[in-house]
Structure formats: structure tokens, C-alpha cells
Amino acid sequence: MQRVEILHFSDILCVWAYVEQARVTELAATFGAQVDIRAHFVQVFGDARGKLVRGWADRGGGAGYAAHVQDICERFEIGPIHPACWAQTVPSSSLACHLYLRAIGVAEAAGELPSGAMDQAARAVREAFFQQGVDVSQAHALRSIAAACGLDRGPIDDALERGLAHAALDRDLELGRTHDVRMSPTLLFNEGRQRLAGNVGYRVIEANVRELLLHREGGASWC
């Protein structure tokens, strides 16, 4: 079977990655085993509070950015956003989320957690922040989310304590630097030769996948 590998870079706290989550889910449902979507993390909100100060100081600060996020989600009909999201609840860093999720990924790869555990947890962390106003940069919040997903804490803690999660996250960041990924979300196709970055509609993503599948099956491709 022909398969298209997609490298999916995102920052958990990025609203555009939150919007794209539904598109990536639909892509997996539509193409099934024909696509291999590999999640990676890129640091956009590594210093989330500093980023708001630098980028939104003259546009209303945290309240202005919170209104901006609310407007985006309303326009794309994503569903209600918690009023505290970015207004009162401002996580210190997305790095904490990414490290914890990579710990889940390490345990999943070792067969200590079920297949798809990291993707499930990533969705749950995004929803906890955007829909419930949870500060997902706090360790206790991440542990609670993992527990709600039914994930055993032991293998996750082990990956953190042994530095395995840190190494896995560093590989993500290095891969992002290799491909010059600067935006969340970014989708890379065709061994990095094609990219779709930022707010890209589902039909555009789907068209890229269909053209790559056609090309690999011997047809002519315009990609």
C-alpha cells in the first residue's frame, strides 16, 4: 500500500494548531493507513507570558490576545472557548506540555502505554486549556489530564526521571531546525520538500495528499 508520510509540527498553546486539530483528525479518518501522520513539537510559546508582553503590549495585552483567540474560534466554529483562556489563565510555557507529552510518547513507543496515547493526550491537553481554562504548564494539571485519559503514570514518570522525554523533545526541536520550521502548525510532505504552514484549509491539505498518492501510484503529479 502507498503511504504518505506527514510531519506535523505544532505548539500545544497555539490557537491555529487547535483549529487544525479537527483537520488532522479528518485527514486520518479519510485516508486511514494511506497516511502516516507523525506529531512533533515546535516552540512558539516557550515563553508564553513574555511573548504576550512583547507582541500584545500595545494591543490590549493578555485581554487583547484572549479576545483575538475567541474571535478566531468563533469564525472557524470550533466551539466555545473558556473565558479564562489567555485572559486569566496564561501558562508560563508550552515546553512543559511538550515534555510531558514526549514522555507519554516514549512510553507508548516502548509498549508501556497503548498505541495512540500521545495523540490522545495532546488533544486532551489542548481541550483542557482552550475549553476548560486549565493552566497546562503546571505538572499537576498534566498528570490529571493523563489520568483522565486512562494512562498509567508510572511509565510517564520513568521517561521523565531518566531523561528519555528530554532527549525525545530535543530530537523534535532539532528536526524542526533542520526543516526550518518556524510556524505552528506546519505540515511537511514529500520528505520535507512541500510544506503547508499556518491556517490552511482542509481541502488544500487533502489535495496535497491525493496528488502525492497519485504520483506514487504511477500517475502524473502537479505537486
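Ala148 counts as exposed, because its relative accessibility is 70% and exposed residues are those over 50%. The model in which this residue is seen is a predicted one. Ala148 belongs to helix α6, which covers residues 139–148. Between Ala148 and Ala124 there are 24 positions in sequence, and their C-alpha atoms are 8.9 Å apart in space.

**Ala87 and its contacts**

Ala87 is located between α3 and α4, the latter being residues 95–109. With a relative accessibility of 31%, Ala87 counts as partly exposed. Which residues does Ala87 contact, leaving aside its neighbours within four places in sequence? They are Gly62 and Ala66. Ala66 is 21 residues away from Ala87 in sequence, while the C-alpha to C-alpha distance of this pair is 5.3 Å.

**Helix α2**

Helix α2 is formed by residues 48–56, and its buried residues are Ala48, Gly50, Leu52 and Trp56. Against which helix do the buried residues of α2 pack? They pack against α3, which spans residues 61–75.

His40 is part of strand β2, formed by residues 35–41. His40 is buried because its relative accessible area is 13%, and the cut-off for buried residues is under 20%. Its side chain makes a polar contact with the side chain of Asp172 at 2.7 Å. When neighbours within four places in sequence are set aside, the residues in contact with His40 are Leu7, His8, Phe9, Ser10, Arg102, Asp172 and Leu175.

Thr186 is part of strand β3, which covers residues 186–189. Is Thr186 buried or exposed? Thr186 is buried, as its relative accessible area is 1%. The side chain of Thr186 reaches a backbone atom, namely the oxygen of Met183, at 2.7 Å. Not counting residues up to four places away in sequence, Thr186 touches Leu7, His8 and Phe9, together with Val181, Arg195, Leu196 and Ala197.

The peptide bond that joins Ser184 and Pro185 is cis, with an omega of about -5°. Pro185 is found in the loop between α8, which is residues 164–178, and β3.

Another loop links β3 to β4, the latter being residues 194–197, and Asn190 lies in this loop. Glu191 also lies in the loop between β3 and β4. Although Asn190 is not a glycine, its phi is positive, at about 55°. Glu191, likewise not a glycine, has a positive phi of about 55°.

| Residue | Relative accessible area | Class |
|---|---|---|
| Thr186 | 1% | buried |
| His40 | 13% | buried |
| Ala87 | 31% | partly exposed |
| Ala148 | 70% | exposed |

**The chain as a whole**

The secondary structure of the protein chain consists of nine helices and four strands. Read from the N terminus, the elements follow the order β-α-β-α-α-α-α-α-α-α-β-β-α.

Why does the radius of gyration agree with that of a compact globule? A compact globule of 223 residues would have a radius of gyration near 17 Å, and the protein chain has 18 Å, which agrees with that expectation. Taken along the principal axes, the C-alpha atoms fill a box of roughly 55 × 40 × 30 Å.

Of the 223 residues in the protein chain, 48% are buried. Among contacts with a separation of 6 or more, 72% are between residues 24 or more positions apart. The accessible surface amounts to about 10,800 Å², and carbon and sulfur atoms hold 51% of this area.

Finally, the side chains of the protein chain include 22 positive and 27 negative ones. How far apart do the centres of the two sets lie? They lie 3 Å apart.

Notes:
Residues numbered from 1 in each chain as written. Predicted model: local features only at pLDDT ≥ 70, side-chain atom pairs only at ≥ 80, totals over all residues. Heavy atoms only, no water. Helix = DSSP H or I, 4+ residues; strand = E, 2+ residues; numbered from the N terminus. Buried < 20%, exposed > 50% of the residue type's maximum accessible area, 1.4 Å probe, protein only. Polar contact = N/O pair within 3.5 Å; in protein donor to acceptor, adjacent residues only side chain to side chain. Contact = heavy atoms within 4.5 Å. Rg over C-alpha atoms; globule rule 2.2 N^0.38 Å. Areas by Shrake-Rupley, 256 points an atom, 1.4 Å probe, with all protein chains shown as cover. Lys, Arg positive; Asp, Glu negative; His and termini not counted. Charge placed at Lys NZ, Arg CZ, Asp CG, Glu CD.
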